[in-house]
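Dear colleague,

Please find the structure below, followed by a summary of what was found in it.

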Amino acid sequence: MTIWKTLPIEQRPQIVLVRWCIYEVLPTDDMPATRHFVGYNCRDVEGRVSSAITTFDPQTLTGITNSGRIYALSGDSGSDSDALYVWQRWCMLNGVTEFREINVEDLE
């Protein structure tokens with residue numbers, strides 16, 4: 001499977017994720033804790049990992065990430081094999097060795 005960069009934010013300012021979850025990268029001496037949306041983007045037919053989440057509205061299940069992109073979470077949380085593959089590759093490329101899944105309530 002191939003990993004590629006997403007379209008520029010000007011071309012894709014909002015992404016809707018299904019079968020989504022939220023992972024928190026645990027802090028290390030070299031890296032601060034960050035939280036990321038991980039899920040499946042039906043429009044572009046791909047697993048996705050967001051940049052770090054900066055704001056989140058639990059009422060609308062919508063968040064903004066470090067890149068300025070808006071992510072909307074659709075339906076219940078879940079798991080998607082494409083998204084998990086991308087997450088594993090993202091962790092490898094970014095030197096992430098420890099993370100945990102968190103709930104929407106943890107973002108409030």
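Cysteine 42 has a relative accessibility of 46% and therefore counts as partly exposed (between 20% and 50% relative accessible area; under 20% is buried and over 50% exposed, with a 1.4 Å probe and protein chains only). Cysteine 21, at 4%, counts as buried. The structure holds zero disulfides, a disulfide being a pair of cysteine sulfur atoms within 2.5 Å. The sulfur of cysteine 21 is 11 Å from the closest cysteine sulfur, that of cysteine 91, which is too far for a bond. For cysteine 42, the nearest cysteine sulfur belongs to cysteine 21, 15 Å away.

As to provenance, this is a predicted model, in which local features need pLDDT of at least 70 and side-chain atom pairs pLDDT 80 or more, while totals for chains, interfaces and linings use all residues. Residues are numbered from 1 along each chain as its sequence is written, and side-chain values use heavy atoms, without hydrogens and water.

The chain has one helix and seven strands (DSSP runs numbered from the N terminus: H or I of at least four residues, E of at least two). Their order from the N terminus is β-β-β-β-β-β-α-β.

Strand S2 (residues 34-41) runs antiparallel to S3, joined by four bridges; pairing requires at least two DSSP bridges. Asparagine 41 stands opposite glutamate 46 in S3. The two strands form a hairpin with four residues between them, where valine 45 has a positive phi of about 50°. Strand S3 (residues 46-49) is covered on both faces, with Glu46 and Arg48 buried on one side and Gly47 and Val49 on the other.

Yours sincerely
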